[in-house]
Amino acid sequence: MSETSPSTFDKARTGLWTSLQKHLATVYAAETAFARAVAFANGSFPFAASAASADELQEYGQRRSALRDLFTDETTQLDTLTKAIRVKGYAEDEKKQLYLLLLGYMDIAASVFERLLTQVPTPLPRDEELEEAMAKFARVQKFARLNVKGVAGLL
């Protein structure tokens, strides 16, 4: 039996669903802008910086930076959400439902944010902040998956 009323959980689930839809719209918009900014590469990655004009490289840099910042922000928010779900007084099945919503969003978002690693120039300077965000995203995703699988007690 849940410590919270069904209406409390239903409100949380609906709120999370609505929030994730808004976040996904933002992610898709950033992906579209990024895709336009790498159109000069004609799908050949990594690309040589000499393959683009100065204006194209500047636009690429701005769009990549925007996508990277969005990824970092989304990762921080997802980490906060997983922690919030963990400490709420929801029943285990209710928590699993919330984690499933997060995982669906994360799987879609991961395919967009993967562009930060694949659609790049050569050479690409090391980005420690991005590496840390990628590692954190992977940890949050694994944590949510473990909770959906019902092995939360092993954590």
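Phenylalanine 45 is partly exposed, with a relative accessible area of 26%; partly exposed lies between buried, under 20%, and exposed, over 50% (1.4 Å probe, protein chains only). The structure is a predicted model, in which local features need pLDDT of at least 70, side-chain atom pairs count only at pLDDT 80 or more, and totals for chains, interfaces and linings use all residues. Residues are numbered from 1 along each chain as its sequence is written, and side-chain values use heavy atoms, with hydrogens and water left out.

Phenylalanine 45 sits in the loop between helix H1 (6-37) and strand E1 (47-48); helices (H or I, at least four residues) and strands (E, at least two) are DSSP runs, numbered from the N terminus. Apart from neighbours within four places in sequence, phenylalanine 45 is in contact (heavy atoms within 4.5 Å) with Val38, Thr118, Gln119 and Val120. Threonine 122 is 77 residues from phenylalanine 45 in sequence, but the two C-alpha atoms are 8.7 Å apart in space.

Helix H5 has 22 residues and spans 31 Å from its first C-alpha to its last, close to the expected 32 Å, the expected span being 1.5 Å times one less than the number of residues. The buried residues of H5 are Leu130, Ala133, Phe137, Val140, Gln141, Phe143, Ala144 and Asn147. These residues lie on the same side of H5 because they cover an arc of only 160° around the axis, taken from the directions from the helix axis to the C-beta atoms. On the other side of H5, Glu132, Arg139, Lys142 and Lys149 are exposed. The cover over the buried residues of H5 includes H2, helix H3 (92-113) and helix H4 (115-118).
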